[in-house]
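Dear colleague,

Please find below the structure that I am handing over to you, with its sequence.

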Amino acid sequence: MKQRIHRVQSMFAGIALLAIMALGAMANAQDIDALAERVTEFTLDNGLHVIVIERPVAPIATFVTFVNVGGADEPVNNTGVAHIFEHMAFKGSRTIGTSDWQAELAALDKMDAAYTAWLEAGYNDAPAAELNALWQEFEHWQEQAGLHIQSEEFSQIIEREGGVGLNAFTSADGTGYFYSLPQNKAELWFYLESERFRDPVFREFYVEKDVIMEERRMRTDSNPQGRLLEEFLSVAYSAHPYRNPVVGWASDIQATTIADTRRFFETYYVPSNMTVAIAGDVDPDEMRRLAEQYFGDMPAASHPPSVKTVEPPQRGERRFVIEDQSQPLFIAGYKTVAADHPDAAALEMLSQILSAGRTSRLYRRMVQDEPLALGVQALTGFPGSRFPSLFVTFAVPNMGVPLVEIERVLEEEIDKAKAGDITQQELDRAVTNARAGVVRGLNSNMGLALNLAQAHAQHGSWREAFTYLDDLEEVTLSDLQRVARDYLIKSNRTVGVVTNVAATGS
């Protein structure tokens, strides 16, 4: 598993038509009880919560493990560790992926000790000869550990048994693991999942860190948009860990060891911080029995610490400029609220009205009519929503269009919202589009399981995946005007631009 995705795509679309129709009707009627008849949930004695959604559409089942830990929870010096552990969770167990676990473990311990010594020597400006010797020792033990590795055995077992969609994601707010199997292979999932999360191995740890470092180079260091977003968050946030990239700062990726990652796992991957969701043609009683059998003996542990840092009030507008050999880019973000705040729904509707689809205000004016931009977007809840986050506008100007013109037009459209220019027809259309988006997200086993697991983990109940629609429907035109006036103000704003500079000759 060298590649990871950071969004979930619908699966089994061809067999989901009936489910789409049912969910559409359910959402329109706000009939949560209809779904509740097909949902069974229970909590094991150790705190692990399990949600089972019966969907006998086809003889398949999708399994999701959602862990309520993301980039925002990482300790100082170890940004990126949540993503590093995500990679480790695909490396098997003490019995899967190795020909001799005891010999491999001995080599892994010596490898990590050598790497830690090499790091400390580098921090202390040790002579090159000492650094080289330590690095050679590290490489020796890495090679010795590799002699016992049966790479990719974990994923090969799943594929051999008919599994599809094996993957995971890490975000600022959480981590999710998922795949689908034939429903008669459910016990295999319980066995494999409990194996990798009961006592994980850190196989090919430094190989995977190299993969992650390459991800960072590709998506951030070599990507103008990636560089802009990373700089933007680090300027917009003074204190809150939302300022850190989920992939991690390069120096922290280098500094993170197996010992650091194990401490992170032991702190956050505890049963009370994990939610399992299963959607498909399964028997809830059998799922409970298997959950007790395979996860029941995982020891209970103290619930993880929560983020205590509160972002201080912004004292004035912040701006930065990146000079680059790149297409010019514009981004602006306003400090707003977390998803559980009463104003979150109004901010979501405002972002939809401004930029969701070809009928949105920003698209019509800036892409179709004038045209000023190749693309434009407004979104709320960036980079996450567990904590107070940002309402962001982003634009890619057309050739020859100055960035000041992009900023001027975006401000004009926001000022119109503040003046109460939005119509009831626009708000109704935004609510309809949001409802359709929720339905699309729930039209497959994968979307249903992931949404319900995340809703339980972060909001206390799977029902929140649906009841959020009620909040959207209660938004009024005066709410839109009020949140625009309260939050989308210059003193609360961070603006970043990429300006094009010509390449210099050699």
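**The sheet and its neighbours**

In this predicted model, six strands come together as an open sheet, and their order across it is β1-β2-β6-β3-β5-β4. The pairing within this sheet is mixed. Its edges are formed by β1 (39–43) and β4 (164–170), each of which pairs on one side only. From one strand to the next, the twist averages 10 degrees.

Strand β3 (residues 60–67) and strand β6 (residues 274–280) run antiparallel and are joined by seven bridges. As a point of reference, Thr65 has Val276 in β6 as its bridge partner. Helix α17 (residues 445–459) packs on the sheet. The strands that helix α17 touches are β1, β2 (49–54), β3, β4, β5 (175–182) and β6. The direction of helix α17 makes about 25 degrees with that of β3.

The second pairing involves the edge strand β4. Strands β4 and β5 are antiparallel, with five bridges between them. Here Ala168 stands opposite Tyr177 in β5. A hairpin of four residues leads from β4 to β5.

With kind regards

Technical notes
Residues are numbered from 1 along each chain as its sequence is written. This is a predicted model: local features need pLDDT of at least 70, side-chain atom pairs count only at pLDDT 80 or more; totals for chains, interfaces and linings use all residues. Side-chain values use heavy atoms; hydrogens and water are left out. Two strands pair if DSSP finds at least two bridges between them. Helices (H or I, at least four residues) and strands (E, at least two) are DSSP runs, numbered from the N terminus. Axes are lines fitted to C-alpha atoms, for helices over the stretch in contact, and angles run from 0 to 180 degrees between N-to-C directions. Contact means heavy atoms within 4.5 Å.
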